[in-house]
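Hello,

Here is the structure I promised to pass on to you. Have a look at it first, and then read on for what turned up in it.

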Amino acid sequence: MAKVAFVFPGQGSQAVGMGKDLYEQFPEARAVFDAVDDALHEKLSTTCFQGPEEALKLTATTQPAILTVSAAVHAVFQKRGPAPAFVAGHSLGEYSALVAAGAMDLQDAVRAVRARGTFMQEAVPVGTGGMAVILGLTPDAVKAACDAAAEGQVVSPANYNSPEQTVIAGHAAAVERAGAKCKEAGAKRVMPLPVSAPFHCALMDPVKPRLAEVLAGVRIQAPSVPVVSNVEAKPNADAARVVPLLLEQVSAPVRWIECVESLKANGVTHVVELGPGKVLGGLIKRITKDIESFNVENAATLEKVLAALGAA
């Protein structure tokens, strides 16, 4: 018997046109986009469907846009596919997971991530921070390189994505030094990321009190299924823990390897990535061979995955 988890993507998975065919074909998806447009008093749906890409790339737009598309895909899928035993999300995707689990209202969530994106953007002046992907080096070796390269500045692992891929973040110069040390240690590639702020590191600490004020006004309910949090990499079903974990998440690394291992340890056999892109499915394949992953982002992938899970 298949045991299914839903996972939700984070920033970087956005693409102009995302969610458009679901909006046109499924009333559940249309209801999600309309609710978000109302909550934000703007046509975020138009930005998702038509761009321009520059607008979609702005953190304060990207975050609610990805959440909206993920929620729309979930609304369509949950009426037709199997129910999940767990949900999880990568960074921003944790908010999508909380909406899917009924812990947070959709309109509250998009307003919160709009604020989160704005605060992250404002926390560090443009050009001060940086992020880079390190490929082909163990997470421990990357952490050691960051520690050696800091020299009084901030640089640390931001995303533990897979055994071969770690993202680092911090002051731009320190990220560059750490990248050089990773190469010396045998990294296959070091790729600077075109991001507007250094996420998931100590430079994001100023975001926490501002986000805490926003989240204080959000009604949180106990999740209907456990949410595997980025910070602890274990399932949480306690409403009182949701906001503290979301605040800690801003400057703590995303422990995605351990999140996937936690799903596996809890008997999950199939993971469905709901939302734009299929980044998480690719990472899951590199973390474990024991979980089969699928992605649903449009009508075509929806049909394919429903057929595959029906067979499973």
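**The cavities**

Helix α11 gives the largest cavity the largest share of its lining, 3 residues. Please keep in mind that this is a predicted model.

How many cavities of 30 Å³ or more does the structure hold? There are 2 of them, and the largest has about 40 Å³ of space. Its lining is made up of Glu 94, Leu 98, Val 227, Ser 229, Asn 236, Arg 241, Val 242 and Leu 245. Two elements, α6 (93-100) and α11 (239-249), each give two or more residues to that lining. Sorted by class, the lining of the largest cavity has 4 nonpolar, 2 polar and 2 charged residues.

The second largest cavity holds about 30 Å³ of space. Around it you will find Phe 8, Leu 67, Ser 70, Ala 71, His 74, Ser 96, Val 99 and Ala 100. Here the elements with two or more lining residues are α5 (59-78) and α6, and α5 gives the largest share, 4 residues. By class, the lining of the second largest cavity divides into 5 nonpolar and 3 polar residues, with no charged ones.

**The cysteines**

A disulfide is a covalent bond between the sulfur atoms of two cysteines. The count for this model is 0 disulfides. Take Cys 146: the closest cysteine sulfur to its own belongs to Cys 182 and is 5.8 Å away, so the pair is too far apart for a bond. Is Cys 146 buried or exposed? Its relative accessibility is 0%, so Cys 146 counts as buried. Cys 48 is also buried, because its relative accessibility is 0%.

**Backbone details**

Most residues other than glycine have a negative phi, and most peptide bonds are trans. A few places in this model are worth a look with that in mind.

The peptide bond from Gly 51 to Pro 52 is cis, and its omega is near 5 degrees. Pro 52 sits in the loop between α3 (44-50) and α4.

Ser 91, although not a glycine, has a positive phi of about 60 degrees. You will find Ser 91 in the loop between β2 (86-89) and α6. With a relative accessibility of 11%, Ser 91 counts as buried.

His 200 is not a glycine either, and its phi is positive, near 55 degrees. The loop between β6 (189-192) and α10 (207-216) is where His 200 lies. His 200 is buried, because its relative accessible area is 3%, under the 20% cut-off.

**Two more residues to look at**

Ser 293 belongs to strand β10 (residues 292-296). A relative accessibility of 14% makes Ser 293 buried. Which residues is Ser 293 in contact with, leaving aside its neighbours within four places in sequence? They are Val 271, Gly 281, Ile 284 and Lys 285. With Gly 281 there is a polar atom pair to look at: a side-chain polar atom of Ser 293 is 3.5 Å from the backbone oxygen of Gly 281.

Glu 53 is part of helix α4 (residues 53-57). Its relative accessible area is 46%, so Glu 53 is partly exposed. Along the chain, Glu 53 and Ile 220 are 167 residues apart, and their C-alpha atoms are separated by 33 Å.

Definitions and conventions: Residues are numbered from 1 along each chain as its sequence is written. This is a predicted model: local features need pLDDT of at least 70, side-chain atom pairs count only at pLDDT 80 or more; totals for chains, interfaces and linings use all residues. Side-chain values use heavy atoms; hydrogens and water are left out. A disulfide is a pair of cysteine sulfur atoms within 2.5 Å. Buried means under 20% relative accessible area, exposed over 50%, partly exposed in between (1.4 Å probe, protein chains only). A polar contact is a pair of N or O atoms within 3.5 Å; within protein, one must be able to donate a hydrogen and the other to accept it, and residues adjacent in sequence count only if both atoms are side-chain atoms. Contact means heavy atoms within 4.5 Å. On a 1 Å grid over the protein atoms alone, a cavity is a set of points where a 1.4 Å probe fits but cannot get out, and a pocket is an open set with protein on both sides within 12 Å along at least five of seven lines; lining residues have an atom within 4 Å of a point. Grid points are joined across faces, edges and corners, and a volume is the space filled by probe spheres set on the points. Ala, Val, Leu, Ile, Met, Phe, Trp, Tyr, Cys and Pro count as nonpolar, Asp, Glu, Lys and Arg as charged, and the others, Gly among them, as polar.
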